Amino acid sequence: MAVTADDVLEIIAAEAKLDRAALKPDATLTDLAISSLDVVSVVFELEDRFGLDIEPETIEPTFTIAEFVDHVVSLSNT
Amino acid sequence: MSRKVVITGMGCVSGLGIGVAPTWQRSIAGESAIRPLDRPPIAGPAAWVDPDALAQAAARLDLKRMGKLDPLSLFALVAAAEAVDMAGLAGHPALATRTAILLGCGSPGNATLDAAFERLYARGLGKLHPQTIPSSMMSAPASHLAMLLGVHGPTMALSSACASSANALGEALHMIRAGRVDVAVAGGSEACIAYGSWVAWQALGVVAPDTCRPFSRDRKGLALGEGAALLVLESEEHALARGAPILGELAGYGASSDAADMTAPDQAGVEGAIRAAFDDAALAPETPALISTHGTGTKLNDATEAAAIRAVHGAGLHASTVIATKSAHGHLIGGSGALEFLIGMKALAEGIAPPVLNHLGPDPDSDLPLALEAGPIAHDILVSNSFAFGGLNAVLIGRKRT
């Protein structure tokens, strides 16, 4: 199942307990205080719902929201 | 000269509602939270917490950085926030440096473990949620409370099955007396109405098919409940210095171990804990009191507890009043002792005994002066009993603030 940018944003907001509005495309994970535990939880939900295989270590704290979303969407399209 | 320890805040979550006010109102109105639960595959009578009301209360708290929260943590967080607000301690510097957190839990986050194992065994999936361990571990709610309140002092979970939260309050009392801290946020939480835990309790043969009828003839066992109760304990000196509301005193604590049987209670062990609590409070066991029983509604517990109470309180029993609030809020296992102590202290302060519910008539083996109707009382002393599986006993003595 293909994952959309909207799906990724929804899961980040839910797992990191943030408002969707706070997820500005150019904000980094560090800016938003999204912890490594939040990231592994986001990855778990994405893998579980969309059958993806994502290495959590490939997602750097310096990633922006836009980079995170693009990274996941590109994995889903390969 | 030991330090007096007073209660300056209380908070609770149970099937009776969210918060001390609705819990007390429903207790004296004689309402029971034990009602049919239809949460497939779980079905049967239980005192469950309304999930929508819980979510609403939790939404008012800052739960960021805490990760996935099992109901075990949510119950504790909501109850602790109420207690600390009532005590006027929110943001107080004493929380950071001079406060302990002691939380009694009989079991870890059952819902989280159930969800994980269902993936493994039922669905054959190899991966589990990465937060399975930090969300379900028994000390998770203690850590979550520390994060919510900014507590950097000694923080831990304490487990002694159905006596866990009574032990937590008692040990906190002694930490304050010893001067290790000035404040303790103590009590307990339990979230045992998850499928695995539910079926395991049924298998033990102690769960009633109908409801909880403490000390009644034809009683058939306990009714499971869930929730949390937390109290703010404080040295009297500390509470007076900051002009805190003083709701009562935690005056004594006795604990014992039967060292005899994993499920059957032992009268000598039970008596030992009650006597130790009176000694600790420097009171004679014949002092007339409001006695909040463990009163599970099982055949064996109630008969043994009644015999122990008659033996210890002796001539003072006829002038005492006996209550059994599990008939209203069900058995919160690790959370029971704190919730019962909280309701008992409220009863002392208000001068009203909440009624024992679902009573069908006296049973000669558990004859006690029960409050079968809500009625006025004029006791200054509360004795709150908790007797756990595995023979672990804890008794708290509270004193009315006059």
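Predicted model: local features only at pLDDT ≥ 70, side-chain atom pairs only at ≥ 80, totals over all residues.

**Strands and helices in chain B**

Biologist: Which residue stands opposite B:S14 in β2(B)?

Modeller: Strands β1 (residues 5-14) and β2 (residues 17-18) of chain B pair in the antiparallel sense over two bridges; strands pair if DSSP finds at least two bridges between them. They form a hairpin with two residues between them. In β2(B), the residue that stands opposite B:S14 is B:G17.

Biologist: Which residue of β8(B) is the bridge partner of B:M10?

Modeller: β1(B) runs antiparallel to strand β8 (residues 227-235) of chain B, and eight bridges join them. β1(B) is also joined to β9(B) by two bridges, again antiparallel, and there B:V6 has B:E249 as its bridge partner. In β8(B), the partner of B:M10 is B:L231.

Biologist: Which residue stands opposite B:V395 in β15(B)?

Modeller: Strand β15 (residues 392-399) of chain B pairs in the antiparallel sense with strand β9 (residues 248-257) of chain B, over eight bridges. On this pairing, the residue opposite B:V395 is B:G254.

Biologist: Which residue takes a positive phi in the hairpin of β14(B) and β15(B)?

Modeller: Strand β14 (residues 381-388) of chain B and β15(B) run antiparallel and are joined by eight bridges. B:A388 stands opposite B:L392 in β15(B). The hairpin has three residues between the strands, and the residue with a positive phi near 85 degrees is B:G390.

Biologist: Why is β15(B) largely enclosed by the rest of the structure, and how many of its residues are buried?

Modeller: A residue is buried if 20 or more other C-beta atoms, placed from the backbone, lie within 10 Å of its own. In a regular strand the side chains alternate between the two faces of the sheet. B:L392, B:A394, B:L396 and B:G398 point one way, B:N393, B:V395, B:I397 and B:R399 the other way, and all are buried. The strand is largely enclosed because the number of buried residues is eight of eight.

Biologist: At what angle do α3(B) and α7(B) pack?

Modeller: Helix α3 (residues 71-86) and helix α7 (residues 140-149) of chain B have axes 9 Å apart. Among the residues that meet are B:L72, B:A76 and B:A80 in α3(B), and B:P141, B:L145 and B:L148 in α7(B). The angle at which the two helices pack is about 40 degrees.

Biologist: How many residues of α7(B) are buried?

Modeller: Those buried include B:A140, B:A142, B:H144, B:A146 and B:L149. What covers them includes α3, β5 (99-104) and β7 (183-190) of chain B. α7(B) is mostly covered, with the buried residues numbering eight of ten.

Biologist: Which residue just after α7(B) takes a positive phi?

Modeller: α7(B) spans residues 140-149. Just after this helix, a positive phi of about 70 degrees is taken by B:G150.

Definitions and conventions:
Residues numbered from 1 in each chain as written. Chains lettered and ligands numbered in written order. Buried ≥ 20, exposed ≤ 12 C-beta atoms within 10 Å, placed from the backbone. Helix = DSSP H or I, 4+ residues; strand = E, 2+ residues; numbered from the N terminus. Axes fitted to C-alpha atoms, helices over the stretch in contact; angles between N-to-C directions. Contact = placed C-beta atoms within 7 Å.
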